[in-house]
Amino acid sequence: MGDASTSAKGDLKLSNLTKSFGDFIAVDNLDLVIPEGSFFALLGPSGCGKTTTLRMIAGLEEPTAGSIHVGATDITYERPYKRPVNTVFQNYALFPHLSIFENVAFGLRRRGIKDVKEQVDKVLDLVELPHLAERKPNQLSGGQQQRIAVARAIVNRPALLLLDEPLGALDLKLRRQMQIELKWIQTEIGLTFVHVTHDQEEAMTMADTIAVMNEGRIEQMGSPADLYDNPKTTFVANFLGQSNLIKGSIESNGADSLVVNLFGQKIGVPRARSSAKDSSILVGIRPEKLRILPEGEATHGNILPGGVISDVSYIGVSTQYQVEMPWGQELMVFEQNDDGIAPLDKGDRVTLSWEPIFTFGLDGREDATAGSEVHVDEEE
Amino acid sequence: MAFLQAVAKKGETSTKRRSLLPYLLLLPGMVWLIFFFLLPILTLVSTSTKTPGLGIGEFDQTYRFANFWDALVNSHTQFLRSFVYAGIATFAALLIAYPLAYAIAFKSGRWKNVLLVLVVAPFFTSFILRTIAWKQILGGQGIGFKALVWLHIVGADSHVTASTFAVIAGLTYNFLPFMTLPLYSSLERIDPRTMEASGDLYANALTTFRKVTLPLSMPGVVAGTLLTFIPAAGDYVNAEILGNPNTKMIGNVINSRYLQIVDYPTAAALSFTLMVAILIVVTLYIRKAGTEDLV
Ligand SMILES: Nc1ncnc2c1ncn2[C@@H]1O[C@H](COP(=O)(O)OP(=O)(O)O)[C@@H](O)[C@H]1O
Ligand SMILES: [Mg+2]
């Protein structure tokens, strides 16, 4: 209501933001700038502190340390109802005793806005549910409730919209559809969206910028393509898509390129894409970047011979191979089915190769499996 | 084909058995109601129109409906008083129980169960004993009385027992758990995130209470007020022990008509009228509570 903080605009800035519950640190020293108008995703496995972070931004949880700014306004200890922030809650939290219309009108009425009906109608049109205005929340399907939760928040035009796993309760098909709609709504109204999710595909399709969170800390932040192509930690490499990570040691350190010994094979890694701290390195290649050829056929680039196909799954557009390497590790290869050649068979001896520029290097002492198991647990 | 018929038949018998089950489950309750509710009511109604016979305690059925009128003319003061006392006690109990139930539901953490046990703890001793205890507490040497004096609510030379205040206080106290428990259970069912959502949507604590918490707890308010009002309106123990001749409630009149004067028809007529009156009040109240008017 003309309050400095309700009308604050600008980038959201989290500085050294920390939250502990007893001696458990749920959010650990977070530093983050979310530019105004962006679609920002906070991605991480369940329990990593995403909800806690959002709740601190919304004012529902008080930080143990650090600060939160919107533009130049410090809102760290501001009461929730005085913040220029609205939340779409994890399970919607619609008011069960109010009609859909009154649910959406709630924030407008509290602020004494005049043209409530006009604004509510407009936002109900935006989410394509104007015909449900007089219903009660429990008469709506999950997908409809989800849209109303979004409508109830965006009708207030907050500087910042927080979405806590807004699509988590929907089935896969509806989720994909809502991802497109939410993205569209965001572009349409131009608000800053902070979208929390544990679904990497969701984050990749929707967000301009993704922060990957793990155990209360930001592992890496960047555009979806940047995170995918240049993961800096094994957690990011495994959590965003799949990666083959092979242990090696750096033999020589050229100007643009490192020469790495992978179980006796010398391969090249672009220097700029390596975050190895010393000679111990984990060499990473995405499965779709690998070429798979029958043993003995000529190839080029980085080469790893001596593989044996241990599993083949044909999935229409591509074929996925598991290849057992001489040192016992299984590598994954995704081949596009675009060359008209019949897929290779289980037991075939093969050579793997790829272009050196597709290689990334990680610190060799990290746990190569970090972030890879979590996907399986999360899939509903 | 035969298989399909067999399946269809099996389905039929099982739906039949299932459709009998509710009645079987209802049976004990129905039998109970017939013997301990319906029959007594019928006896009550038939007694209410009798007139005295030859001996003491003997009455003949003469269908004298004027009994009702006579009873009302003689006892309308106590009738009205019962409803006023019960109404005030219910309101007072609501004011005390709501914050209590709210605190137990949302703020008590791991003490929740202990507090709930404490709420029902008074039931471990008898209703009458507790009421007599209040007579002591509010009496000239009681700590309740001394506290009231200390707070300058009453003068040191006044007396609190044998008064309207004592009767209403007794009613409030005795029926408090009936108010607290339904309130607690409906508050506890509220998803705390709806209250957070309200705060997120620019409502301060007071508005959140008015617009979200209170409306969502209305089922508990209605249940609690009914469970307090109905027995309070018919109560006679509190007025008997904590009151004086000018605070008699309808329960006391029925009690003395029945046990002291041995005037069964008048006692029955008053009982029946009380029942109908409560039924009317309650119906109007629930009608009203069903709409948004009460909030
Ligand atoms: N109120 C609380 N008290 C104690 N621990 C909590 C509380 N809220 C969250 N946590 C813990 O903090 C961690 C992060 O929780 P949360 O932010 O909900 O994770 P996410 O949303 O990423 O799944 C979890 O381990 C959770 O158990
Ligand atoms: Mg969460």
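Predicted model: local features only at pLDDT ≥ 70, side-chain atom pairs only at ≥ 80, totals over all residues.
The search finds 23 of them over all chains. One joins the side chains of K50(A) and E165(A), with an N to O distance of 3.7 Å. The two residues come from distant parts of the chain, 115 residues apart. K50(A) belongs to helix α1 of chain A, which spans residues 50–58. E165(A) sits in the loop between β7 (160–164) and α5 (172–189) of chain A. Both K50(A) and E165(A) are buried.

A second pair in chain A is R365(A) and D278(A). Their closest N and O atoms are 3.4 Å apart, and the pair forms a salt bridge. R365(A) counts as exposed because its relative accessibility is 55%, over the 50% limit. D278(A) has a relative accessible area of 35%, so it is classed as partly exposed.

K289(A) and E288(A) also form a salt bridge, with the closest N and O atoms 3.2 Å apart. E288(A) is partly exposed, because its relative accessibility is 34%. Elsewhere, shared partners connect salt bridges into one network, made up of R175(A), R176(A), D199(A) and E201(A).

Attention now turns to the domains of chain B. The assignment gives domain 1 (2–48) and domain 2 (76–289). Their C-alpha centres are 36 Å apart. Five residues of domain 1 and seven residues of domain 2 make up the contact.

The size of an interface is often expressed as the accessible area lost when its parts come together. Here, domain 1 and domain 2 of chain B bury about 500 Å² between them. Carbon and sulfur atoms account for 89% of that area. On the domain 1 side, L44(B), T47(B) and S48(B) supply 72% of the area buried against domain 2. No other three residues of domain 1 supply as much.

Polar links were then examined across this interface. Zero salt bridges are found between domain 1 and domain 2 of chain B. Zero residue pairs are in polar contact there, with both residues required to have pLDDT 80 or more. The residues of domain 1 that touch domain 2 comprise three nonpolar, two polar and no charged.

How values were computed:
Residues numbered from 1 in each chain as written. Chains lettered and ligands numbered in written order. Heavy atoms only, no water. Salt bridge = Lys/Arg side-chain N within 4 Å of Asp/Glu carboxyl O. Helix = DSSP H or I, 4+ residues; strand = E, 2+ residues; numbered from the N terminus. Buried < 20%, exposed > 50% of the residue type's maximum accessible area, 1.4 Å probe, protein only. Domains from an automatic or database assignment. Contact = heavy atoms within 4.5 Å. Buried area = accessible area lost by both parts, 1.4 Å probe. Polar contact = N/O pair within 3.5 Å; in protein donor to acceptor, adjacent residues only side chain to side chain. Nonpolar A, V, L, I, M, F, W, Y, C, P; charged D, E, K, R; others polar.
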